[in-house]
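Hi everyone, thanks for coming.

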Amino acid sequence: MSHNMDITLSITNSSSFEVSEFILLGFPGIHEWQHWLSPPLALLYLLALGANVLILITIHKEPALHQPMYQFLRVLAVVDIGLSTTIMPKILAIFWLDAKSISLPECFTQIYAIHIFVFLESGIFLCMAVDRYVAICYPLQYPSIVTDTFVVKATLFMVLRNGLLTIPVPALAAQRRYCSRNEIEHCVCSNLGVTSLACDDITINRFYQLALAWVVCGSDMCLVFVSYTLILRSVLRLNSAEATSKALSTCSSHLILILFFYTAIVVVTATHLAGRRVPLIPVLLNVLHNVIPPALNPMVYALRTQELRAGFRKVLGLGIDASRK
């Protein structure tokens, strides 16, 4: 099978072949009709872009939304735009333009971007959980603890933590030697998918990938769980049913998205480990996990947050005189 020999190979001094680009074949087992998946994927991508841009504009223009909770939401919107844009343009180019080739530097850059944005999303969810914890468990101290400076410092910490810890992933992948095989049964450059094509040992790559996932997402998930356990314990101690209901409603949207995000990560990981017989499932879930949360997050917040809905109406020119409670 020669894709017009899109595969570019250069002969090295050791008389072996060195791959200079990879070929992204798309979804395994459905190459003939995978282009039919492009309309729903494109729609999800446009929805993610439009909804998150709307959130950014609304929070910027609406003074009532200049609060730490919404500042974290603004950071999450930027991360969601980055995450979906990291993969969707290339996927649509594969389906519409048959642009399957990707150079090694571009591939390693995409590996880095995917990791940093997924880990940033996890980190921002942790920041949001801490914000709700302080707001509900220490309401009097909340204004002095969670300030605009706190939001900036927490965001910078997450960017530095994820940016630095993720560097070895593409660095280790770039150190491997790729010879003869360069076709990836995927729509994006996944770290393990790329390194599985290497001719030398990839034990260190697999180990660091697993360790990084546990250290970053695992620790974030545990701290989020602890935060919401403490929130629930504090809420159940409230004497007023109305106060309990109000406290739970303030963090319900966060909890919905956090549960979806971490459940999806567990499902994607499990299907990847068990997906040798049906490789389409983990690849499809991996792509959906990178595009559904960016489209879902703004909708959940819009449905669950009255102040944000009022801001949307003002920005879109709908019900400008709508009262805000």
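This is a predicted model: local features need pLDDT of at least 70, side-chain atom pairs count only at pLDDT 80 or more; totals for chains, interfaces and linings use all residues.

**A walk from the surface to the sheet**

Residues are numbered from 1 along each chain as its sequence is written, and side-chain values use heavy atoms, with hydrogens and water left out.

How much of the protein counts as buried? Of its 325 residues, 47% do, where buried means under 20% relative accessible area, exposed means over 50%, and partly exposed is in between (1.4 Å probe, protein chains only).

Now the secondary structure: we have 11 helices and 5 strands. Those are DSSP runs numbered from the N terminus, helices being H or I with at least four residues and strands E with at least two.

Three of the strands make an open sheet, in the order β4-β3-β5, with mixed pairing. At the edges sit β4 (101–103) and β5 (183–184), each pairing on one side only. Two strands pair if DSSP finds at least two bridges between them, and strand β3 (residues 21–24) is joined to β5 by 2 bridges, the two running parallel. For instance, Ile-23 has Glu-183 in β5 as its bridge partner. Helix α3 (residues 104–137) lies across β3 and β4, at about 85° to β4. That angle is between N-to-C directions, from 0 to 180 degrees, with axes as lines fitted to C-alpha atoms, for helices over the stretch in contact. Contact means heavy atoms within 4.5 Å.

Back to the outside. Which residues form a nonpolar patch on the surface? They are Val-53, Ile-57, Val-315, Leu-316 and Leu-318, together giving about 390 Å² of accessible area. Helices α1 (38–61) and α11 (306–316) each give two or more residues to the patch. Leu-316 belongs to α11, and because its relative accessibility is 52%, Leu-316 counts as exposed.

Last stop: Leu-43, in helix α1. Leu-43 is exposed too, with a relative accessible area of 60%. Its C-alpha atom is 9.7 Å from that of Ala-295, 252 residues apart along the chain.

Conventions. Patches are made of residues with over 30% relative accessible area and no salt bridge: like charges are joined within 9 Å, nonpolar side chains (Val, Leu, Ile, Met, Phe, Trp, Tyr) within 5 Å. Accessible areas come from the Shrake-Rupley method with a 1.4 Å probe; for residues, only the protein chains shown count as cover. A salt bridge is a side-chain nitrogen of Lys or Arg within 4 Å of a carboxyl oxygen of Asp or Glu.
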